[in-house]
Amino acid sequence: MPTGRYDRITRLALPLLLAAILLAGAVIPDSWRAFQMLVLATMLAALWVAGSRLARWLVPDFGPASHGVAAFTFAVGVAVVPATWLGHFGWLRPAPFLIWTVAACLLSLLRPGSNVGAGLAPAREGTSPSPTPKSWERIDLALLIMAALAIALVGLYDMARLRWAPAGPHGFDDVSYHLSAVATWIRYGDLRMIRFSMGDPSTPFYPILGEMASWVLIAPFRDSDVMARW
């Protein structure tokens with residue numbers, strides 16, 4: 001088999017495997033919990049593949065650290081923006097969302113060969129673009145690592161402190177408050193909101209990223225919010 005054709009088949013193998021698992025998760029609602037965990041991991045991997053390929057296409061000049069941030073941002077957008085639209089049309093169910101994730105992953109393989117983000121700041125005629133100083137690249141990477149460590153430490157501290165805490169340690173601004181909206185979406189399949197008797201009594205926060213991200217993490221399970229709570 002020619003090397004080029006073998007490379008293309010190899011690059012397609014992982015997305016096709018991810019697609020097969022997600023489609024199985026979409027059509028088998030009452031599967032084993034272990035398989036649902038596999039569907040969750042597959043869904044996150046497929047979203048990362050789509051986000052990473054979008055980042056390579058739109059911002060090809062980014063270094064590894066900036067590419068990772070861009071890929072994560074695009075992956076979140078690939079998940080929550082279509083989920084919001086599904087909610088507007090009353091289709092906010094796990095099966096349509098998982099099928100969309102398959103489509104997003106496979107469509108990302110068809111991105112055009114030219115990078116739309118390349119050469120956004122071309123040099124003037126007769127000059128060559130000056131490379132980014134290595135010192136700035138090291139500073140950028142150091143800042144990113146410090147921010148990631150800070151987020152991880154704060155997250156671990158909050159999980160240890162709030163894992164078994166009763167409802168309301170943040171003035172009801174915790175999962176007992178935010179997952180109420182998600183539970184409403186799960187029940188009705190749209191983005192209707194409930195009016196709370198505590199916290200924010202109005203319904204203008206519609207929908208916000210935290211709630212929609214929680215719904216995405218519940219979708220592979222359908223009947224468990226364990227990943228959303230963690």
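**Reading rings, helices and burial**

Author: Tryptophan 85 is exposed, with a relative accessible area of 53%. The model is predicted: local features need pLDDT of at least 70, side-chain atom pairs count only at pLDDT 80 or more, and totals for chains, interfaces and linings use all residues. Residues are numbered from 1 along each chain as its sequence is written, and side-chain values use heavy atoms, leaving out hydrogens and water.

Reader: How many aromatic pairs does a search of the whole structure find?

Author: Rings of Phe, Tyr and Trp (its six-membered ring) pair if their centres lie within 6.5 Å; planes under 30 degrees apart are stacked, over 60 edge-to-face, the rest tilted. Here the search of the whole structure finds 2 aromatic pairs. In one of them, tryptophan 85 and phenylalanine 89 are stacked, at 6.2 Å centre to centre and with 20° between the planes.

Reader: Is phenylalanine 89 buried or exposed?

Author: Buried means under 20% relative accessible area, exposed over 50%, and partly exposed in between (1.4 Å probe, protein chains only). Phenylalanine 89 has a relative accessibility of 61%, so phenylalanine 89 counts as exposed. The rings of phenylalanine 97 and tryptophan 215 also form a pair: their centres are 5.4 Å apart and their planes stand at 85°, so this pair is edge-to-face.

Reader: Which parts does the pair of phenylalanine 97 and tryptophan 215 tie together?

Author: Helices (H or I, at least four residues) are DSSP runs, numbered from the N terminus. Phenylalanine 97 belongs to helix 4 (residues 94–107) and tryptophan 215 to helix 7 (residues 209–218), so the pair ties together parts that are 118 residues apart in sequence. Phenylalanine 97 is buried, at a relative accessible area of 0%. Tryptophan 215 is likewise counted as buried, with 3% relative accessibility.

Reader: At what angle do the axes of helix 2 and helix 3 cross?

Author: Axes are lines fitted to C-alpha atoms, for helices over the stretch in contact, with angles from 0 to 180 degrees between N-to-C directions. The axes of helix 2 (residues 33–58) and helix 3 (residues 64–88) cross at roughly 120° and come within 7 Å. Helix 2 is therefore oblique to helix 3 (under 35 degrees is roughly parallel, over 145 roughly antiparallel, 65 to 115 roughly perpendicular, the rest oblique). Among the residues that meet in this packing are Leu47, Trp48 and Leu54 of helix 2, and Phe72, Phe74 and Val78 of helix 3.

Reader: How do helix 3 and helix 4 pack?

Author: Their axes are 10 Å apart, and helix 3 and helix 4 pack at an angle of about 135°. The two helices are therefore oblique to each other. Val78, Ala79, Pro82, Ala83 and Leu86 in helix 3 meet Pro96, Phe97, Trp100 and Ala104 in helix 4.

Reader: Which residues does proline 82 touch, not counting those up to four places away in sequence?

Author: Proline 82 has its place in helix 3, and with such residues not counted, proline 82 touches Gly77 and Trp100. At 19% relative accessibility, proline 82 counts as buried. Between proline 82 and threonine 101 the C-alpha to C-alpha distance is 9.4 Å, and the two are 19 residues apart in sequence.

Notes
Contact means heavy atoms within 4.5 Å.
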